[in-house]
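User: Please examine the structure shown below and answer some questions on its helix packing and salt bridges.

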Amino acid sequence: MAFTSLNFLLFALLTVIVYYAIPVKGRWLVLLFASYAFYLLSSPKTFIFVLFTTAVTFFCGRSIGMCNSEHKAFMAENKASMSRDEKKAAKAANQKRKKKYVAIALILDFGILAVLKYFRYYLEALGLGFDLGGILIPLGISFYTFQSAAYIIDIYRDKISPDTNIARFALFTAFFPQIIQGPISRHDQLAHQLYEGHEFDYRNLTHGAQLVLWGFFKKLVIADRVAILCDQVFDNYGDYSGEAVFVALLFYTIQIYADFSGGIDIARGVARCMGIDMTNNFMRPYFSDSLSSFWNRWHISLSHWCRDYIFYPVAMSKFFGKLGKNLRGVLGDRVGKLVPVIIAQYATFITIGIWHGAEFKYIAYGLYNGTVIVLGLLLEPYFRKIMEKLHINASSRWWKGFQYVRTFFIVVFGKIFPKAASFGAALTMFASMFRLHNGEPFAETLLSLGLNETDFLIILVSCIVWLVISLVEERDMRMNGGDGTVGFRQAMDRMPLLVRWILILLMLTAVMALGVYGPGYDAGAFIYRGF
């Protein structure tokens, strides 16, 4: 069931109505029923995998929680009479017990993901004829698997307590607005909101509806229109070079942001209508002054997942810390200290690459981002010396502007890997950007890529509207903290009712009149639905 379809809107509307129609204590059951109904309607053949991941994660989580409780009770009773070595031994024994359940959960959950999304691909690529009887990749498998893994690890770290009701945990795993493309929610941020039930609040309803409409605008008016040009060039990359390839890559950078953030806005908007505040997955990433900053603003839930469960454990591990110390004599003190960080960066971005897909082009995407960040770390002292010699004020506006533009184009060039048909195609297209086109005026070439003058005007005006809203949110974030979106909603609330409704109706008219529809159009084809 596509987010941008009429069926989904009716489904979401019915869910909201029923949610508020029954007593508060039972409202989580409405969400569970709606979530499973949504999954069965969207991907019935793969529903068993969601149930399996839910059951494995729930029971392993309970077992780890019991280990934590028993250890605390044991220590409370015997701590006074135990020696330091005995305490260490008791802790180690408990850690060993917990690791067994963590291993079971992660191996089974990630094992399903590996077999269905990766292992089958590599065997088929080798011509080994691997067949799972026509089983499709489960809808949202990367999202709910990573979310379940975070839940298990957080219980292991004793950051959260395990759920004791499997039905409630099932809701956390499969909450329907987030199942297609996230965000990857943390249990301590989302679960209690799902379970407790919320009273009707008109402001939640209006804010949620506005967010859904804004998501529709970004997806249908911008992303799906820009996609026409992108697909024309990327699907026929051998026919294009020079400016055409660069424009297609630039447009794809716009497309993927509008598409993914638009889908997240729809998901968050539907949840907000029921008083549920899902984590924001984007924070105006193209306003970043470095690639590290970009990844703190882009697909935030995935970036933070990798930070907390890959980067920190690797960078702070005793093994890599010892390796860094041993290499200081060879690489120098500064680089030796950076070795654990560098290894952690590559582990993080290779994971991000593989998360997107099995093909090598996705791994290359991760390596590209990791390498740029690592080079920045290694070359930082030299850049600082150059800036001092050139008397560049790092806090000046023009330097900040340069950093924004530089980072944007680093991101643009990196996007060629996930969009291209293959790693080889990505390299071919990258090289072709530096070849002149066939001599025709560029304006004529541009108008042969599937869009006319009106389409380009619509894209330009829509992106200006988007930019203005982003600037307002960015300003609010810098002044008041948070993610900036609250400030824009408050600005809307302060507008006279007539003005507010005029703006909403204009946006609705734009979606209905300017959205890309027609023969062959697939409203469900969100880019990140495939991840």
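Analyst: This is a predicted model, in which local features need pLDDT of at least 70, side-chain atom pairs count only at pLDDT 80 or more, and totals for chains, interfaces and linings use all residues. Residues are numbered from 1 along each chain as its sequence is written, and side-chain values use heavy atoms, with hydrogens and water left out.

User: How is helix α10 oriented relative to helix α16: roughly parallel or roughly perpendicular?

Analyst: Helices here are DSSP runs (H or I, at least four residues), numbered from the N terminus. Helix α10 (residues 243–273) packs on helix α16 (residues 397–414) at about 105 degrees, the axes lying 9 Å apart. Angles of 65 to 115 degrees count as roughly perpendicular, so α10 and α16 are roughly perpendicular.

User: Is Lys219, which forms a salt bridge with Asp259, buried or exposed?

Analyst: A salt bridge requires a side-chain nitrogen of Lys or Arg within 4 Å of a carboxyl oxygen of Asp or Glu, and Lys219 and Asp259 meet at 2.8 Å, N to O. The pair links helix α9 (residues 202–235) to helix α10, 40 residues apart. Buried means under 20% relative accessible area, exposed over 50%, and partly exposed in between (1.4 Å probe, protein chains only). Because its relative accessible area is 0%, Lys219 is buried.

User: What separates Lys337 and Asp333 along helix α14?

Analyst: The side chains of Lys337 and Asp333 form a salt bridge at 3.5 Å, N to O. Because they are four residues apart in helix α14 (residues 333–356), their separation is about one helical turn.

Terms used: Axes are lines fitted to C-alpha atoms, for helices over the stretch in contact, and angles run from 0 to 180 degrees between N-to-C directions. Helices (H or I, at least four residues) and strands (E, at least two) are DSSP runs, numbered from the N terminus. Angles under 35 degrees count as roughly parallel, over 145 as roughly antiparallel, 65 to 115 as roughly perpendicular and the rest as oblique.
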